[in-house]
Amino acid sequence: MVDLDLALSSTPDGTGKSREIRLTKSDAMRSVDRAYAAFFGAVLMPSWERVIRRRDTLKYLDYLKVSQWLPREVRSKRELVELRQLLSYAEAHIPYYRELFRRERFDPRGVASRRDLEVLPLLTRQIVRERYADLVDPAHNGKTLKKGTSGSTGFPLKFEYSMTSEYWRQAVKLRGYGWAGYRPGLKTFYYWAAVSAARPSLKIRADRAFRRETFVDSMKQDTASRRAALALFRRIRPSLVVCYTQSCAQFARWVLDEGLRDWDDVPVICGAEAVLPGDRAMLARAFGPAIFETYGSRETMLIAAECEAHDGMHIQEENLVVEVVRDRRAVPPGEPGDVVVTDLHNFGMPMIRYVNGDVAILAASVVCACGRGLARVARVDGRRADTLIDRDGNDVPGIVFHVLFSDARKEIVRQFQAVQGEGGAVVLKVVRGREFSEDAFAAITRRFSGYLRGLPFSIEFHETIAPHVRSGKIKTIIVERSNRRENTDRP
């Protein structure tokens, strides 16, 4: 580490005696980083968001910074008004909900609490597929953002959401990441997944440069790719890491095994998969103790995030109604249940009581030590994909299959399952989607072959894929015992 010497003419005790303060290169770089982030947050971002693009993201962020400290009974009054507005709009403009509410004799104007939603049936992925056109608001036609997801279930899904919902999602992300120390403009190292094989556009590259964001494909876990990622990390010396949990834990284990850490502590924000105790311990040794778990989904983006108290994850209640249910009814804190989500601000394609395929446990209904009045998720289960092994013994994160299928804007695949057999060969089982095409599917599978790095890879087409016998659920990634990296840290 290179030291810089800075001589001051006086000392804090007022003696007037000159002394020398030694400032490390890392300290100097962090100071510059913080100064740029302050300028970005005060000048560049407001100019872009509020003046040029005329977005409401920062207006919502200003509210969120205040609302998180309000007592729940105060904050929930506004959220209840917004819930009624969404339900009333859905009844008036969305064919599916007009029919559903009439059949269930449900009156949105009579909703007095979130618990009143329990009389409504759940919205499943199958319903979204079958009634897609009836779930989209005609008035928002051509004005929504269209996305796709594979989720944790192996059933890819298309959906869309309004621009207002997008602004709320970005505001929620800024607040949630901010609990870990993130600020727009800070040098941030994204050890993430490249959802597209194409090089990012000039616009995206320019935006990342202004935000000082560096992206590395974490699905590549061979030694050469890890060394390239490490070299880039050392060169930029980021103030924050945002990563896929398992990929970053594997990278951290490699760094420690090779004795390669030579940097100060850096906060790490983990996403896409649950953070198990073993992951947290490994990441803490490689990057420092500030490890923050987040929970989200493509359908709604950030659902919950860990704060500085590190005691569960705060639900983003100003944007989402999050229920943990069994048979449509709420389960008490401490008991597992299905996660059901309602986006309060998506009027383009309202997804009311949407079952996202995850299982979670709510934390006890006590105020967090941080003082925020937001409810918390204690744990999310079922958000881990098995790790495959390539022919050289390198890790191949199983989540790569979810990532690549989630990029499809059409229903190319209806269902999938990847199986690595005892000998290492990988078989991808696929149920064709309504918009399947050979060319689009081949483009995806070519990327799989690249990540698998020489493993025998074949494809089987099926009419349906049977659930795992013991759980009754589809297990999307199956690695036979001889290939599996054992993890004894599951809760």
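A residue is called buried when its relative accessible area is under 20% and exposed when that value is over 50%, with partly exposed in between.

**View 1. The whole chain of the predicted model.** The secondary structure of this predicted chain comes to 13 helices and 22 strands. Of its 491 residues, 51% count as buried, and the accessible surface of the chain comes to about 22800 Å², of which 53% belongs to carbon and sulfur atoms.

View 2. Helix α13 covers residues 438-452, and because its 15 residues should span 21 Å at 1.5 Å a residue, the distance of 21 Å between its end C-alpha atoms agrees with expectation. The buried residues of α13 are Phe441, Ile444, Thr445, Arg447, Phe448, Tyr451 and Leu452. Just after α13, Arg453 takes a positive phi of about 50 degrees.

**View 3. An open sheet of 12 strands.** The strands follow the order β6-β5-β7-β8-β9-β10-β11-β16-β15-β14-β12-β13, and their pairing is mixed. At the edges stand β6 (213-217) and β13 (329-330), each of which pairs on one side only. Within the sheet, β5 (residues 188-192) and β7 (residues 240-244) pair in the parallel sense over 4 bridges, with Thr188 standing opposite Leu240 in β7. Helix α7 (residues 163-178) packs on the sheet, where it touches β5, β7, β8, β9, β10 and β14, and its direction makes about 20 degrees with that of β10. Helix α9 (residues 223-236) also packs on the sheet, touching β5, β6 and β7, and its direction makes about 165 degrees with that of β5.

**View 4. Strand β19 and its partners β20 and β22.** Strand β19 (residues 413-420) is mostly covered, since 7 of its 8 residues are buried. It runs antiparallel to β20 (residues 426-432), to which 7 bridges join it, and Val413 stands opposite Arg432 in β20. The two strands β19 and β20 form a hairpin with 5 residues between them, and in the turn Gly424 has a positive phi of about 105 degrees. Strand β19 also pairs with β22 (residues 477-479), here in the parallel sense over 3 bridges, and the bridge partner of Ala418 in β22 is Ile477.

Key
Residues are numbered from 1 along each chain as its sequence is written. This is a predicted model: local features need pLDDT of at least 70, side-chain atom pairs count only at pLDDT 80 or more; totals for chains, interfaces and linings use all residues. Side-chain values use heavy atoms; hydrogens and water are left out. Two strands pair if DSSP finds at least two bridges between them. Contact means heavy atoms within 4.5 Å. Axes are lines fitted to C-alpha atoms, for helices over the stretch in contact, and angles run from 0 to 180 degrees between N-to-C directions. Buried means under 20% relative accessible area, exposed over 50%, partly exposed in between (1.4 Å probe, protein chains only). Accessible areas come from the Shrake-Rupley method with a 1.4 Å probe; for residues, only the protein chains shown count as cover. The expected span of a helix is 1.5 Å times one less than its number of residues.
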